[in-house]
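Please look over the structure shown here before reading the notes. They are meant for someone who has not seen it before.

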Amino acid sequence: MGELPQAGEVYAPPPRSLQLWKSLLNWLALFFQIFLQILRGTPQVLSYVGLGGARSFLSPDFKPLPDADSPEFRDSAAAAVEITAAVDGDDDGSREMKRLTVVLDLDETLVCAYETSSLPAMVRNQAIEAGLKWFELECISSDKECEGKPKINYVTVFERPGLRDFLEQLSGFADLVLFTAGLEGYARPLVDRIDIENRFYRRLYRPSTSSTEYREHVKDLSCLSKDLCRTVIVDNNPFSFLLQPMNGIPCMPFSAGQPHDYQLLEVLLPLLKHLSQQDDVRPFLYEKFHMPEWFQKHGIPCSG
């Protein structure tokens with residue numbers, strides 16, 4: 001990459017000044033295109049190389065949970081996810097409900113991960129300077145090297161802001177399950193790093209997903225329980241929960257280009273606290289997202 005013009009050259013008399021300005025603008029345009037590719041999920045994202053889970057495929061008319069800074073969230077938060085300290089009890093005492101089960105996706109929901117060799121230095125440095133927590137990881141690939149030895153992939157992982165605090169608070173009122181379409185050789189050591197306290201009582205990887213005529217790597221919640229009235233799944237890819245659309249919360253995908261993301265603590269945690277007070281989470285989630293109709297619009301019949 002050539003060096004950018006010096007300040008004295010930029011402001012030199014024309015016509016050289018005009019040429020240098022055009023050169024500078026071309027470089028800025030190139031950096032902007034790279035940045036946009038990262039935000040959209042570039043080929044460096046692990047889900048493209050077969051390690052991470054399936055990436056989200058959101059159509060333009062799909063509306064996941066809003067960002068905490070959006071007017072939509074501020075206007076609806078008090079009414080839609082108003083939280084009380086506990087469920088109001090009757091005079092004769094409140095009955096105890098079964099703990100909520102929260103199934104959490106991994107890639108682009110809790111973290112985002114990139115092959116270290118493919119991650120642009122500019123994106124890495126900007127994310128770190130903005131305060132994103134990160135770590136590097138060695139993981140075993142499903143591919144074999146020429147001598148039959150397992151191939152080692154080097155991965156850079158960025159944690160979604162507030163991740164550790166989110167898991168700590170959530171585990172106080174819910175049982176946590178990690179369900180990823182990622183391979184175990186990649187996901188297990190990653191989750192070991194973000195869940196040192198073993199807050200996930202169960203971890204499910206790609207072999208636990210199901211294939212349907214509409215999508216692969218679908219997360220069938222019936223493998224956890226026959227009664228799903230107190231089970232909810234949080235995933236940036238809504239097709240992951242197409243078998244139980246009324247149990248799903250579609251969240252905004254997370255990438256390294258979003259260092260000021262507040263989804264976990266300011267959007268998801270209040271909503272999950274509210275759901276923990278419901279006898280059945282499905283009526284509330286249906287009214288909020290209308291996921292069965294969304295799937296039907298995409299040619300996927302749902303029984304609800």
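Predicted model: local features only at pLDDT ≥ 70, side-chain atom pairs only at ≥ 80, totals over all residues.

Residues are numbered from 1 along each chain as its sequence is written, and side-chain values use heavy atoms, with hydrogens and water left out.

**Sheet**
- Five strands form an open sheet in the order β6-β5-β1-β7-β8, with parallel pairing (strands are DSSP runs of E, at least two residues, numbered from the N terminus; two strands pair if DSSP finds at least two bridges between them).
- β6 (200-204) and β8 (248-250) are at the edges with a single partner strand each, so one side of each has no neighbour in the sheet.
- From one strand to the next, the twist averages 20°.
- Strand β5 (residues 174-179) runs parallel to β6 and is joined to β6 by four bridges.
- F200 in β6 is the bridge partner of L176.

**Helices α7 and α8**
- Helix α7 (residues 263-275) and helix α8 (residues 281-289) have axes that come within 10 Å and cross at roughly 140° (helices are DSSP runs of H or I, at least four residues; axes are lines fitted to C-alpha atoms over the stretch in contact, and angles run from 0 to 180 degrees between N-to-C directions).
- α7 is therefore oblique to α8 (under 35 degrees is roughly parallel, over 145 roughly antiparallel, 65 to 115 roughly perpendicular, the rest oblique).
- L271, H274 and L275 of α7 meet V281, F284, L285 and K288 of α8 (contact means heavy atoms within 4.5 Å).

**Loop residue S208**
- S208 lies in the loop between β6 and β7 (231-235).
- S208 has 32% relative accessibility and so counts as partly exposed (buried is under 20% relative accessible area, exposed over 50%, partly exposed in between, with a 1.4 Å probe and protein chains only).
- S208 and C223 are 15 residues apart along the chain, and their C-alpha atoms are separated by 8.5 Å.
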